[in-house]
Amino acid sequence: MSSTSREAELSADRLGPSKIMPLPARTAANAPAPQSHGIARNPGMKLDLGFMESMRSVNRSALERRVASLTKRRSIKADNQAAWLLRAVACMDLTTLNSNDTEERVRRLCAKAVNPFRRDIVEGLGITGEKLRPAAVCVYHPFVATAVDALRGSGIHVAAVSTAFPHGLTPLSTRLQEIEASVSDGADEIDVVIPRGLVFAAKWQELYNEIVSMRAACGEAHLKVILGTGDLATLRNVMLASMVAMMAGADFIKTSTGKESVNATLPVGLAMVRAIRAYFEETGYLIGFKPAGGISTAKASLDWLVLMKEELGRRWLEPDLFRFGASSLLTDIERQLEHHLTGHYSANHRHAMA
């Protein structure tokens, strides 16, 4: 299938304010992906080393040139910029993963997710009545029940980071128990980390088996697999790890924990979305993508949205297929929207988070 025909099938008419979308359908199906927001969940496939071998060659220089051209030739201004920033908020996993997190801090973050903008900004943008909110709130396991209670009835999902986040270096049985505990407490999305050593040793079957087990432990909850790309050293490793995660049944692949020295970068993101495109062309299943770590400015969010639109098409600008992992991004977006309305920037403290 050509990229042109693929985009024609999956595109929507325009980009504008979006309500929170439901997660993809819980049961797998082999029918073509519909144009509505419901999509068939990825059932995974047998580990295909031949398919992986075909994806081994990654040209870093070409990816960097492509990224540079995307960010330079797309200038989004005025009302269009405001609309794209609202879309960024709708695709956000509002996150707190700090050692000093408390239940009260999580409740305040959930309150911010339910009401992400000050009333004067909402009225100025003309979006009163539009339930424009982040797609999810992402927390450590001990705070899942607190977040579920605070977000009840809001339509905002609760994501839990599991499997010995951020390193993934505990026995598999312990990691699976953590997933099951988070699901039991009400999390409907689970962000897991892979042991990066399995990638360095090219133990693809072992990595595949672990992710399959994690997918089974998630049950009805959706699985987002964190590759820890800053630790993987090469784009080839990123590409191959992405393919293994999708073959094992990942609903999303995610760049980083946010705890590595290098987190989400556009060249790495480009390699991962091209892996997603290849998997879609091979299987017909749509896989989500989540860049996380270091995305703290409105401009950076626009760069990532442009990358998704240009490489995968309009369909990947919905929260069921694209997420930002972010903690401070919402504050800067709110400041940019206020500047759009008033011509003035405000101090961060006027846009309280948690």
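Is Glu103 buried, partly exposed or exposed? Glu103 counts as partly exposed, because its relative accessibility is 42%, and this residue takes part in one of the salt bridges described below. The model is predicted. The protein has 354 residues, of which 55% count as buried. Its secondary structure consists of 14 helices and eight strands.

**Overall build**

- Among contacts between residues at least 6 apart in sequence, 78% join residues that are at least 24 apart.

**The largest pocket**

- The largest pocket has a volume of about 290 Å³.
- It is lined by 20 residues, and those closest to its centre are Thr95, Gly258, Gly293, Gly325 and Ser327.
- Sorted by class, the lining of the largest pocket holds twelve polar, five nonpolar and three charged residues.

**Salt bridges**

- Side chains of opposite charge can pair when their charged atoms come close.
- The whole structure contains 29 salt bridges.
- One of them joins Arg107 to Glu103, with 3.8 Å between the closest N and O atoms. Both residues belong to helix H5, which covers residues 103-114. They are four residues apart, about one turn of the helix.
- Arg107 counts as partly exposed, because its relative accessibility is 38%. For Glu103 the value is 42%, so this residue also counts as partly exposed.
- Asp149 and Arg152 form another salt bridge, in which the closest N and O atoms are 3.7 Å apart. Asp149 has a relative accessible area of 53%, and so it is exposed. Arg152 is exposed as well, because its relative accessible area is 60%.
- A salt bridge also links the side chains of Asp320 and Arg315, at 2.8 Å from N to O. Both of these residues are buried.
- Salt bridges with shared partners tie Asp93, Glu189, Asp191, Lys224, Lys254, Lys290 and Arg323 into one network.

**Helix H8**

- Arg175 is placed in helix H8, which runs over residues 172-184. Its relative accessible area is 4%, under the 20% cut-off, and therefore Arg175 is buried.
- Apart from neighbours within four places in sequence, Arg175 is in contact with Thr163, Ala164, Gly168, Thr170, Pro195, Glu210 and Met214.
- Leu172 also lies in helix H8. With a relative accessibility of 26%, Leu172 counts as partly exposed.
- Apart from neighbours within four places in sequence, Leu172 is in contact with Glu210, Ser213 and Met214.
- Leu172 and Ser213 are 41 residues apart along the chain, and their C-alpha atoms are separated by 8.9 Å.
- Ser173 is a further residue of helix H8. Ser173 counts as partly exposed, because its relative accessibility is 45%.
- From Ser173 to Met214 the C-alpha to C-alpha distance is 9.9 Å, across 41 residues of sequence.

**Backbone details in the loops**

- The loop between strand S3 (157-161) and helix H8 contains Pro166. The peptide bond from Phe165 to Pro166 is cis, and its omega is near 5°.
- Ala164 is in the loop between S3 and H8. Its phi is positive, about 55°, although Ala164 is not a glycine.

Definitions and conventions: Residues numbered from 1 in each chain as written. Predicted model: local features only at pLDDT ≥ 70, side-chain atom pairs only at ≥ 80, totals over all residues. Heavy atoms only, no water. 1 Å grid on protein atoms, 1.4 Å probe; cavity = no way out; pocket = protein on both sides within 12 Å on 5 of 7 lines; lining within 4 Å. Points joined across faces, edges and corners; volume = space filled by probe spheres on them. Nonpolar A, V, L, I, M, F, W, Y, C, P; charged D, E, K, R; others polar. Salt bridge = Lys/Arg side-chain N within 4 Å of Asp/Glu carboxyl O. Helix = DSSP H or I, 4+ residues; strand = E, 2+ residues; numbered from the N terminus. Buried < 20%, exposed > 50% of the residue type's maximum accessible area, 1.4 Å probe, protein only. Contact = heavy atoms within 4.5 Å.
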